Amino acid sequence: MQMQTLTLRGGVPSARRAAPPQASSAHLAASGPCLLRVPRSLRRRRPRSLRASASLEQEVKEVAPAPSAGKSSQATRRDVRNIAIVAHVDHGKTTLVDSMLRQAKVFRDNQVVQERIMDSNDLERERGITILSKNTSITYKGTKINIIDTPGHSDFGGEVERVLNMVEGVLLVVDSVEGPMPQTRFVLKKALEFGHAVVVVVNKIDRPTARPEFVVNSTFELFIELNATDEQCDFQTVYASGIKGKAGLDPENLADDLGPLFEAILRCIPEPRIEKDGALQMLVSNTEYDEHKGRIAIGRLHAGELQRGMEVKVCTPDDSCRVAKVSELFVYQNFSRVPVESVGAGDICAVCGMSDIMIGETIADKVTGTPLPTIKVEEPTVRMSFSINTSPFVGREGKYVTSRNLRDRLYRELERNLAMKVEDGETADTFLVSGRGTLHLTILIENMRREGYEFMIGPPKVINKTVDGKTLEPYEIAAVEVPEEYMGSVVELLGKRRGQMVNMEASGPEGTTLLKYKIPTRGLIGLRNAILTASRGRAILNTIFDSYGPWAGDLSSRDQGSLVAFEDGSTTSYALLNAQERGVLFVQPGQDVYKGQIVGIHQRPGDLAINVCKKKAATNVRSNKETTVVLDEPLSYSLDDCIEFIQEDELVEVTPASIRMCKNPKISKKK
């Protein structure tokens, strides 16, 4: 029987999963009951172990003795709420935050505000996804609500795991048509493990094909699968349209603003439990860098009071401590950081003055401070090699090209990216970088090339484990939304990559089918492009790490070989006209290439060396009129496409201005 963890503090047993606070009569009258009344048919499906566990917890609470006088006891801050907004990618988290900021009068009436204001990073705006978690706050009816916007893509799950240490509750945003998706399961699982209260927001309720009843029932079943307690299963549901800034407790009757959502946050998200008279404790959950202030540590103050100018002790889990001084102190107010003289327990703040502070360390009282448990995230599953650029074009476009530059930049990334690992390779100029997935690593690569770095990367490889002499490899759950007419091609692709079908169901009345597969992580490399090709660009692939399982055997690799440049030089129309008959080209006339560079995809298996720099003989020019050369449009591959395309004996050359593929000179060419 599954039991809940109880923690004894000051003589009072308190559940690790905090219960929502008592709602005031005014709030209840304004917004209705906090708890969701679910159908009896679904309630009967709840495991008996959960009911027994909840009963045991209630019994312990009833017989608990009162705290003895004179001892420090926990209190609550009624003027603060700390929440994180979590969801699957593209379910509308950042757009919902935009509307919350606008309705809280964060911006002036005449201020021009761009869409997705929280996605301030250039890469985030270009790709349309959230990569880094960000803090902001609003004030509603005298209560400060600290909001953390989190990424939705599974490769950036480390960002979500870090920020959950700073909050007491989450807004779980679910699309009104798609319902719970793979990343929804991941973020909800983490929130339930922390014991956080959950408010479910069924977003995009204004979509013509919305099916709110199905989405709520599916979400409830997901709570049951993740062994949520009875209190957590009785979640509050709010229906919203983030882009229109409307919300309500009934999908057919939305208010003109997000008032019902704000009321649900105040009513159902627990107030921060603090030890006001206890020793200072603050766990660093995030770091930023400012050119003038240096490194900035961000976290929630768990106990005590933090003041500007005070001396503190920075502790690590291994009990090694050092003394530091707080030079500046900030809190989040609206959309900016505001300097303050002191911060009380329960609030989220930013601290300056500690140049060597790291994520997971504790800022504690100088005399009696003790460290908090450090932040732990799941292990990476994919590894890639980073090495210095060895092509003939080295140094043409990049600013940082040496192995020392590359090493310093990679290890600097570890300071804020806990889900990533860096190891030294076989040679002094090679480094092995491990991450959650290929997207996790390509974002790092893209940031480095924009900073002026020039280097080469190898093909992604999965990280296997050996247990009891057996090789285990990572498996992921792949969810593919595909129109019915292309379902056969997609099923065939997934089958070739050792995928096992878990579920197949209709995905709304739009004529699409949702396929769920358990597939080795190896099989996902290059799968996204293959599925887009098979479905004419209409399929959507989402993945989430599941577990380690037995080795699935050999997988079918790329069916086509590469077209490789025969010599150094500049490409000509005359040579490309003959070369395009051999396959699809990546280059166009007048482009510099070098020997060993991949210039196209061979139409048959195996590599083929071709001369793309050959010039037409200049004999009898006047009598032979130049014929018009018609060339096919070259194929343009992005960084993500190149990484998925290359094989064992190939590399991707990354520079600030170009992305090229080439054969690895250290590996003999495959026959």
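Colleague: How many bridges join S34 to strand S36 (residues 598–602), and do the two run parallel or antiparallel?

Modeller: A word on provenance comes before the answer: this is a predicted model, in which local features need pLDDT of at least 70, side-chain atom pairs count only at pLDDT 80 or more, and totals for chains, interfaces and linings use all residues. Residues are numbered from 1 along each chain as its sequence is written, and side-chain values use heavy atoms, with hydrogens and water left out. In general, strands of a sheet pair through backbone hydrogen bonds, either parallel or antiparallel. Here three bridges join S34 to S36, and the two run antiparallel, with Leu-585 opposite Gly-600 in S36; strands (E, at least two residues) and helices (H or I, at least four) are DSSP runs numbered from the N terminus, and two strands pair if DSSP finds at least two bridges between them.

Colleague: In what order do the four strands of the open sheet stand?

Modeller: The order is S34-S36-S32-S37, with mixed pairing. Strand S34 (583–585) and strand S37 (608–610) each have a single partner strand, so one side of each is left without a neighbour in the sheet.

Colleague: At what angle do helix H7 and helix H8 pack?

Modeller: Two packed helices are described by the angle between their axes and the distance between the axes. Helix H7 (residues 182–193) and helix H8 (residues 212–225) pack at about 50 degrees, with axes 10 Å apart; axes are lines fitted to C-alpha atoms, for helices over the stretch in contact, and angles run from 0 to 180 degrees between N-to-C directions.
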